[in-house]
Amino acid sequence: MAASSRALTAHGRAVRAAIHAVVRRIPRGKVATYAQIAELAGFPGGARVAGAAMKTSTPADRLPWQRVVGKRGGLGVIAIHDPVGAAVQRALLTDEGVAISDRGTIALARFGWLPLARRPRARRR
């Protein structure tokens, strides 16, 4: 069983690294949802996976964690349940120019990150 738990640990580290790589790409002044991060990292439907990877991050990871938000309908929402953490996230996003309503929602149509799709390579003739 030791080998399988090591494999799981290695898999967990790989998942975490994939999630963190996507989060590092979110530009200043934009936000992305947990579901979007998971999908871009190769885990469609894995919003909770992205959340778990973010929860285990440390300051040494140097992630722009404030740019990852929950989703409710077409709005992003500050998903931190700790009032101090939510206030820090709000302040950091506001400093980046992201408008947040009094209810903690963010207009994804305006501030949501849409990474450029990879352009198909031209075929050689």
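Mentor: We will take the overall layout, then the cores, then some single residues.

Mentor: This is a predicted model, in which local features need pLDDT of at least 70 and side-chain atom pairs count only at pLDDT 80 or more, while totals for chains, interfaces and linings use all residues. Residues are numbered from 1 along each chain as its sequence is written, and side-chain values use heavy atoms, with hydrogens and water left out.

Trainee: Ok. How many helices and strands are there in the protein?

Mentor: The protein has 5 helices and 4 strands. Helices (H or I, at least four residues) and strands (E, at least two) are DSSP runs, numbered from the N terminus. Starting at the N terminus, the elements run α-β-α-α-β-β-α-β-α.

Trainee: And what order do the strands have in the sheet?

Mentor: The order is β1-β2-β3-β4, in an open sheet of 4 strands with mixed pairing. Two strands pair if DSSP finds at least two bridges between them. At the edges are β1 (32-33) and β4 (105-107), each of which pairs on one side only.

Trainee: How do β3 and β4 run?

Mentor: Strand β3 (residues 75-77) and β4 run antiparallel, joined by 3 bridges. Within β4, Ile-106 is the bridge partner of Gly-76.

Trainee: Switching topic. What share of the residues is buried?

Mentor: Buried residues make up 34% of the 125 residues in the protein. Buried means under 20% relative accessible area, exposed means over 50%, and partly exposed is in between (1.4 Å probe, protein chains only).

Trainee: Which residues have the most contacts inside the largest nonpolar core?

Mentor: They are Ile-19, Val-23, Ile-26, Ile-37, Met-54 and Val-68, in a core of 15 residues. Helices α1 (2-25), α2 (34-40) and α3 (47-55) each supply at least two residues of this core. The most comes from α1, with 4 residues. A nonpolar core is a set of buried Ala, Val, Leu, Ile, Met, Phe, Trp, Tyr and Cys residues joined through side-chain atoms within 4.5 Å.

Trainee: Where is the other core, and what is in it?

Mentor: Another core lies apart from the largest one and has 10 residues, among them Val-98, Ile-106, Leu-108 and Phe-111. In soluble globular proteins, nonpolar side chains tend to be buried together.

Trainee: Back to Met-54. What is Met-54 in contact with?

Mentor: Leaving aside neighbours within four places in sequence, Met-54 is in contact with Ile-19, His-20, Val-23, Tyr-34, Leu-63, Trp-65 and Val-68. Contact means heavy atoms within 4.5 Å.

Trainee: You said salt bridge. How many salt bridges does the structure hold?

Mentor: There are 2 salt bridges in the structure. A salt bridge is a side-chain nitrogen of Lys or Arg within 4 Å of a carboxyl oxygen of Asp or Glu. One of them is between Asp-61 and Arg-16, with the closest N and O atoms 2.8 Å apart. Asp-61 is in the loop between α3 and β2 and Arg-16 is in helix α1, 45 residues apart.

Trainee: Is Asp-61 buried or exposed?

Mentor: Asp-61 is buried, with a relative accessible area of 16%, whereas Arg-16 is partly exposed at 27%. Neighbours within four places aside, Asp-61 is in contact with Arg-16, His-20 and Arg-24.

Trainee: Which residues form a salt bridge with 2.9 Å between the closest N and O atoms?

Mentor: Glu-96 and Arg-67 do. Glu-96 lies in the loop between α4 (83-95) and β4 and Arg-67 in the loop between α3 and β2, so the pair ties together parts that are 29 residues apart in sequence. Both Glu-96 and Arg-67 are buried.

Trainee: Last one. What is the phi of Arg-62?

Mentor: Phi of Arg-62 is near 50 degrees, a positive value in a residue other than glycine. Most residues other than glycine have a negative phi. Arg-62 is exposed, with a relative accessible area of 71%.
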